[in-house]
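Hi everyone, thanks for coming.

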Amino acid sequence: MIPPRETELKLLFTDQAHALLDRHFAAINGEKGCKKHLVTTYYDSPDLLLRQSGLSLRIRRAGRQRIQTLKATGEGNQLALDRREWEWVIKSDRPDLSVLSETPFGPQITALQEKLLPVWVSDVHRTTHIFRHERALVEAAIDEGCVRAGSARDMVRELELEIREGPVRVLYDLALALQAVVPLRLGVLTKAERGYRLLTGAPAVSVRNGRPLLSGKITLADGFSILIRSGLNTLINNQPAAEAGDPEGIHQMRVAIRQLRTMLQMIAYKDQDRSVLNLFQSELRRIGRELGEARDWDVLCLQTLPAAFATHDEGDLIRMLTDVAQEKRTAAHQQLRRELETPALTTLILSLAAWIEETAFPGGKDGQAVSLSHIVPKRLDRLARRVKGRGKHIRELSPQERHALRKSLKKLRYGVNYFSALYPAHAVKTYVKRCKKLLRHLGEINDATVAATLIGTLGETHLEIAPVVGIFARWNDRRQRHALRSLASAWKVFRDTELFWH
């Protein structure tokens with residue numbers, strides 16, 4: 001058995017990049033890589049019980065050698081995959097379940113012995129380079145081939161960087177250096193996950209990562225590191241769904257960017273050089289705008305228009321309006337997909353992951369690490385003051401001022417959500433409930449404002465739908481007025497709520 005731990009970073013390259021990567025690693029290592037033809041068969045029950053349990057069981061054939069591998073779902077909160085892994089050299093093309101007793105999952109898999117069958121196969125040509133980079137020993141495996149499930153195929157062009165020994169930050173630094181050699185994109189799906197999707201036809205789905213659990217004893221550095229990594233994971237894990245046009249995947253990526261921006265704002269302290277933070281904020285904002293454009297058309301087409309015309313017969317003009325809106329939505333999705341297919345997002349995520357591994361946080365007067373619970377009240381106070389200032393005279397706010405209030409309130413909500421575990425649940429509950437209610441009214445007003453703008457652009461370019469645009473405008477005005485009437489009372493209740501972190 002090898003040590004049961006695997007920490008790797010998966011990156012995708014185009015078909016022209018294989019030779020470039022091979023030459024680059026050969027120059028670093030001083031010798032050519034080791035080439036192998038690997039045919040890997042994955043086993044599961046007909047109802048895919050192993051997959052549902054977060055396990056994969058495979059046999060990899062390389063020449064005459066047979067290696068059986070069991071992998072468990074990734075652990076930890078890092079961008080690089082950190083998975084439990086067990087390997088054995090075996091003599092057969094069928095799984096040897098007797099060796100699984102050495103793992104925690106032996107009884108569970110052995111119970112499926114009569115049901116296990118081959119479900120999908122990966123067939124790749126691999127070139128492996130092992131070399132030292134900075135303080136670590138790294139294995140770089142360049143894979144090119146395909147995954148097969150029945151008659152379905154999916155091309156594989158992956159670079160896997162694995163730490164043999166040393167800190168995980170080296171993977172991020174190396175990946176960033178490679179971006180100067182060849183454009184790379186982060187890979188989210190393992191070969192096992194690709195096989196599962198080929199077999200079942202399951203589409204890419206959105207992922208809503210759970211809230212990281214923080215304790216009052218955790219340090220400032222560890223607490224914010226956990227939160228930043230959590231946001232990065234949510235961002236990259238939803239990319240396949242967003243690229244496939246899934247509205248919830250797009251929404252979750254956008255939420256992750258907002259949460260990351262909030263965390264970076266809360267990290268900033270008095271004597272810190274903020275130039276790097278500003279660069280991160282700028283790029284997050286830019287990508288967020290692309291996601292926001294697609295999200296706005298999603299909301300209009302999937303929620304607003306069906307609600308606006310729910311009591312109307314399906315007339316030609318209504319169908320024409322929904323059709324031209326859908327065309328705009330499709331164009332926004334295509335633009336977003338082009339953006340996500342560039343290396344820009346990968347560079348941003350790798351840079352943030354590397355930065356959070358090494359960034360220095362302020363210490364206490366005695367040089368000891370500052371606890372997260374010590375600093376959180378000051379950070380939440382700062383966000384709360386911004387909300388209070390922007391909410392003054394709420395009845396008289398312009399649409400732009402209401403939008404600014406909503407953005408500040410969202411940041412406060414994200415901060416409260418992340419740090420609520422540091423406080424008694426009963427103290428947090430009332431504050432969060434009233435915050436959500438106020439955000440709901442502000443969200444309705446914002447949706448109405450955005451919808452009016454989008455429908456207005458459609459009306460200007462399609463004069464023939466002017467009558468139905470007018471019907472929509474009257475419905476939209478009514479819902480906005482209703483939300484505005486409820487806004488002042490919701491603000492007053494929220495403003496007077498005790499700050500639970502005091």
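Let me start with one term: a residue is called buried when its relative accessible area is under 20%, exposed when that value is over 50%, and partly exposed in between. Please also keep in mind that this is a predicted model.

With that cut-off in hand, take Lys 191. Its relative accessible area is 6%, so Lys 191 counts as buried. Who is its charged partner? Lys 191 makes a salt bridge with Glu 158, and their closest N and O atoms are 2.9 Å apart. This pair joins distant parts of the chain, since Glu 158 sits in strand β9, residues 152–165, while Lys 191 belongs to helix α5, residues 191–200, and the two are 33 residues apart. Glu 158 is buried as well, with a relative accessible area of 0%.

Now a second pair, Glu 357 and Arg 229. Their side chains form a salt bridge, at 3.1 Å from N to O. Glu 357 is in helix α11 and Arg 229 in helix α6, residues 220–237, so this bridge ties together parts that lie 128 residues apart in sequence. Are these two buried or exposed? Glu 357 has 23% relative accessibility, so we call it partly exposed. Arg 229, at 17%, counts as buried.

Salt bridges with shared partners connect a set of residues into one network, and among them are Glu 158, Lys 191, Arg 194, Glu 8 and Lys 10. Within that set, the side chains of Lys 10 and Glu 8 meet at 4.0 Å, N to O, and both of these residues are buried. How many salt bridges are there in the whole structure? The search finds 29.

Several of its residues are buried, including Leu 345, Ile 349, Leu 352 and Trp 355.

My last stop is Gly 391, which is found in helix α12, residues 372–391. Its relative accessible area is 0%, so Gly 391 is buried. Which residues does Gly 391 touch, leaving out those up to four places away in sequence? They are Leu 405 and Trp 491. The C-alpha of Gly 391 is also 9.6 Å from that of Ala 488, although 97 residues separate the two along the chain.

That's my tour, thank you!

Key: Residues numbered from 1 in each chain as written. Predicted model: local features only at pLDDT ≥ 70, side-chain atom pairs only at ≥ 80, totals over all residues. Heavy atoms only, no water. Buried < 20%, exposed > 50% of the residue type's maximum accessible area, 1.4 Å probe, protein only. Helix = DSSP H or I, 4+ residues; strand = E, 2+ residues; numbered from the N terminus. Contact = heavy atoms within 4.5 Å.
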